[in-house]
Amino acid sequence: MNERNHTIVIEIFLLGFKNIHKFKILLFILLLVVYCVTICGNLLIIVLVSCSRTLHSPMYFFISQLSIFDIMLSTDIVPNTLASIIAEGLVMSFSGCITQFYIFGCSESLECFILAAMAYDRYLAICNPLRYTTIMNFSLFLKMILISWILGATLILVTTLSIFGLEFCGPNVIDHFFCDFAPIIQLSCSETSTVEMEVFYMSVFVMILPFFMTVTSYGCIVNTILNLSSNLHRIKAFSTCSSHLIVVCIFYGTLISIYIIPTKGVSLTINKVASLLYTVITPMLNPIIYSLRNKDIKDLISVHFLWGTRCGTDFLRGHYVALIYGAQCV
């Protein structure tokens with residue numbers, strides 16, 4: 001019991017996906033595979049961008065930042081979800097639940113800001129190509145990254161501290177697979193209107209404003225592409241931002257379906273499945289989309305894979321040429 005914050009609830013019980021006894025092993029394996037693919041795919045993006053000089057540009061550094069956020073989000077949500085599936089529920093400390101909410105909110109906020117920064121980067125590259133290198137220099141790129149991290153971490157921290165200031169005196173059961181804002185607030189036995197209003201205004205700044213900036217940037221991009229003289233130039237220009245546009249649509253589409261569209265009358269099961277899309281599936285899709293639709297990344301993956309395969313094969317056969325290829329791979 002924490003008398004300073006008037007907190008009586010010291011443990012939170014997450015129901016997770018209840019009544020799935022026949023399918024819990026299948027769901028566990030599916031989520032485990034998705035989590036492994038997510039971690040490996042995003043780590044691959046980070047390593048390629050860090051180690052390959054051809055990818056040392058603002059666009060790819062922004063992509064590597066997205067991969068960091070995806071790893072944060074997946075690691076925050078999926079391990080506990082896997083444990084709740086096996087145990088048919090999960091007991092978390094109250095502080096652990098709030099910490100999970102903070103990391104979740106922080107990673108989502110950071111992704112909103114970075115997606116907006118990437119949209120501005122694509123706007124400069126397509127609409128002002130001659131001034132791109134002058135405007136999008138290292139100083140501006142670094143400022144955009146730092147501001148995104150500072151805003152994302154600070155704004156969610158304010159909300160988290162406000163939640164800690166509420167009184168929780170029971171019940172302590174959340175019918176969800178992770179600690180989201182709405183389920184936590186429903187447990188409070190004190191007045192929550194101030195905190196809810198605070199979160200509303202914060203969401204405007206964290207989600208709506210970056211979304212508006214992204215849409216505005218792409219409006220200018222589409223207008224510029226349509227005014228190009230040849231279809232070949234249009235296709236080439238669109239290909240430079242198609243991956244980012246797909247990621248934006250998936251990310252904001254799932255967020256809007258959960259937090260903006262009214263969910264009254266929607267079953268909790270459907271709500272949980274929809275939540276899986278942006279907490280588990282989207283972090284896995286991002287590196288796949290950027291890998292499959294980006295020629296530079298595909299070429300690097302192909303080169304490293306082919307070199308690695310040939311080096312390994314020659315080494316196992318004991319040929320002298322393996323030493324040569326081995327040196328090249330290193």
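Ile12 has Met92 in S2 as its bridge partner. The model is predicted: local features need pLDDT of at least 70, side-chain atom pairs count only at pLDDT 80 or more, and totals for chains, interfaces and linings use all residues. Residues are numbered from 1 along each chain as its sequence is written, and side-chain values use heavy atoms, with hydrogens and water left out.

Strand S1 covers residues 11–14 and strand S2 residues 90–93. Helices (H or I, at least four residues) and strands (E, at least two) are DSSP runs, numbered from the N terminus. S1 and S2 pair in the antiparallel sense, over four bridges; two strands pair if DSSP finds at least two bridges between them. S1 also runs parallel to strand S3 (residues 173–174), joined to S3 by two bridges. Here Phe13 has Val173 in S3 as its bridge partner.

The order is S2-S1-S3, in an open sheet of three strands with mixed pairing. S2 and S3 stand at the edges. Each has a single partner strand, so one side of each is left without a neighbour in the sheet.

Side chains alternate along S1. Ile12 and Leu14 point to one face and are buried (under 20% relative accessible area, with exposed meaning over 50% and partly exposed in between; 1.4 Å probe, protein chains only).

Helix H3 (residues 94–127) lies across S1, S2 and S3. H3 runs at about 90° to S2.

His176 sits in the loop between S3 and helix H6 (181–186). Its relative accessible area is 5%, so His176 is buried. Beyond its neighbours within four places in sequence, His176 is in contact (heavy atoms within 4.5 Å) with Leu14, Leu15, Gly16, Pro183, Asn271, Lys272 and Ser275.

Aromatic pairs number 16 in the whole structure. One of them joins Phe177 and Phe178: 5.2 Å centre to centre, 55° between the planes, hence tilted. Rings of Phe, Tyr and Trp (its six-membered ring) pair if their centres lie within 6.5 Å; planes under 30 degrees apart count as stacked, over 60 as edge-to-face and the rest as tilted. Phe177 is buried at 1% relative accessible area. Phe178 is buried too, at 0%. Ring pairs link Phe17, Phe104, Phe177, Phe178 and Tyr278 into a cluster.

## Helix packing: H5 against H7

Helix H5 spans residues 138–164 and helix H7 residues 193–226. They pack at about 170°, with axes 10 Å apart. That makes H5 roughly antiparallel to H7 (over 145 degrees; under 35 is roughly parallel, 65 to 115 roughly perpendicular, the rest oblique). Axes are lines fitted to C-alpha atoms, for helices over the stretch in contact, and angles run from 0 to 180 degrees between N-to-C directions.

H5 contributes Leu151, Leu155, Ile156, Val158, Thr159, Ser162 and Ile163. These meet Val195, Glu198, Val199, Met202, Phe205 and Val206 in H7. By class, the contact has ten nonpolar, two polar and one charged residues (nonpolar: Ala, Val, Leu, Ile, Met, Phe, Trp, Tyr, Cys and Pro; charged: Asp, Glu, Lys and Arg; polar: the others, Gly among them).

Gln65 lies in helix H2 (residues 58–87). With a relative accessible area of 14%, Gln65 is buried. Leaving aside neighbours within four places in sequence, Gln65 is in contact with Ile114, Ile145 and Trp149.
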